[in-house]
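This report describes two chains one after the other and then the contact between them. The sequence and the structure come first.

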Amino acid sequence: MSLPINTRPLMVLRLATSATQDIGSTPQGKLTIFPVVGGSFEGDRLRGKVLAGGGDWVIDRGDGIFTLDLRVTLETDDGGLIHMTFTGVRDDAHNYFRTAPRFETAAPKYTFLNRLLAVGTAEIRPDGPVHTIDEIL
Amino acid sequence: MSSFGLRHGPPEVIAAIGRGETVDPSTYYFRTMPRFETAHPAYSFLNRLIAAATAERRPEGPIYTIHEVL
């Protein structure tokens with residue numbers, strides 16, 4: 001009756017960011033922007049680099065939760081461009097950092113990305129965040 | 001609660017759903033990512049989680065099985 005949920009690995013994504021833009025306290029919370037200047041991603045079905053120009057808009061809601069709103073462009077090792085976005089929740093007190101990525105691409109080899117939903121688990125490492133992203137089957 | 005989702009499958013399956021027939025949900029892809037916002041203290045845990053759902057389009061309406069992403 002209720003349907004189980006299964007996943008399979010899609011990619012591990014590493015992001016490099018430059019100095020943050022600390023917007024400060026706005027009506028929505030404390031906003032910090034993390035400009036994305038590079039990075040890499042790798043999985044069985046796709047791999048490549050993260051292009052500069054994206055970013056992550058992170059809001060400290062004030063209740064212990066940071067919400068994430070990311071947009072980046074991925075470039076596969078064979079030249080495909082993929083627009084990736086995610087929203088996410090980070091709760092350091094509970095060691096919870098999860099995202100809901102989405103993909104858009106016109107590259108024929110990667111159009112399967114347009115048809116899937118995904119979940120990400122993430123961790124903050126000294127050299128930047130690492131996102132492990134799984135396809136929802 | 002709000003959600004973004006995708007539903008797709010073979011044309012004949014999607015057509016059968018469109019005709020209001022009961023279709024085996026394993027024959028098509030129907031998944032959503034729900035988000036919740038509440039001020040009710042008993043349910044504030046919903047403000048702090050990411051969720052994913054498997055869904056099924058039945059003649060009488062959709063049924064979503066919603067899983068918290070742990």
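## Chain A: contacts and overall form

Among the contacts in chain A between residues at least 6 apart in sequence, 42% join residues at least 24 apart; two residues are in contact if their C-beta atoms, placed from the backbone, lie within 7 Å. The model is predicted, so local features need pLDDT of at least 70 and side-chain atom pairs count only at pLDDT 80 or more, while totals for chains, interfaces and linings use all residues. Residues are numbered from 1 along each chain as its sequence is written, and chains are lettered from A and ligands numbered from 1 in the order in which they are written.

Chain A has ten strands and zero helices. Helices (H or I, at least four residues) and strands (E, at least two) are DSSP runs, numbered from the N terminus. The radius of gyration of chain A is 15 Å, close to the 14 Å that the globule rule gives for 137 residues, so chain A is as compact as a globular protein of that length. That radius is taken over C-alpha atoms, and the globule rule is 2.2 Å times the number of residues to the power 0.38. Along the principal axes, the C-alpha atoms of chain A fill a box of roughly 45 × 45 × 25 Å. Of the 137 residues in chain A, 30% are buried. A residue is buried if 20 or more other C-beta atoms lie within 10 Å of its own, exposed if 12 or fewer, and partly exposed in between, with C-beta atoms placed from the backbone.

## Strand pairing around β10 of chain A

Strand β10 (residues 128-136) of chain A runs antiparallel to strand β1 (residues 7-17) of chain A, joined by seven bridges. Two strands pair if DSSP finds at least two bridges between them. In this pairing R8(A) stands opposite E135(A) in β10(A).

β10(A) also pairs with β9(A), in the antiparallel sense, over nine bridges. The two strands form a hairpin with two residues between them, and R125(A) stands opposite G128(A) in β10(A).

## Chain B

Chain B has one helix and four strands, in the order β-α-β-β-β along the sequence. Its radius of gyration is 15 Å, well over the 11 Å that the globule rule gives for 70 residues, so chain B is more spread out than a compact globule. The C-alpha atoms of chain B fill a box of roughly 45 × 20 × 15 Å along the principal axes. Of the 70 residues of chain B, 23% count as buried. Among contacts in chain B between residues at least 6 apart in sequence, 35% join residues at least 24 apart.

P41(B) lies in the loop between β2 (29-35) and β3 (51-58) of chain B. P41(B) counts as exposed because it has 7 C-beta neighbours inside 10 Å. From P41(B) to G20(B) the C-alpha distance is 40 Å, with the two residues 21 apart in sequence.

## Where the chains meet

Contacts link 14 residues of chain A with 16 residues of chain B. On the chain A side, the elements that give two or more residues are β7 (81-91), β8 (96-105) and β9 (117-125). By class, that side has eight nonpolar, three polar and three charged residues. Ala, Val, Leu, Ile, Met, Phe, Trp, Tyr, Cys and Pro count as nonpolar, Asp, Glu, Lys and Arg as charged, and the others, Gly among them, as polar.

The largest nonpolar core has 33 residues, of which V119(A) and A52(B) touch the most other members. Such a core is a set of buried Ala, Val, Leu, Ile, Met, Phe, Trp, Tyr and Cys residues joined through C-beta atoms within 7 Å. Leaving aside neighbours within four places in sequence, the contacts of V119(A) include A100(A), I136(A), I50(B), A52(B) and V69(B).
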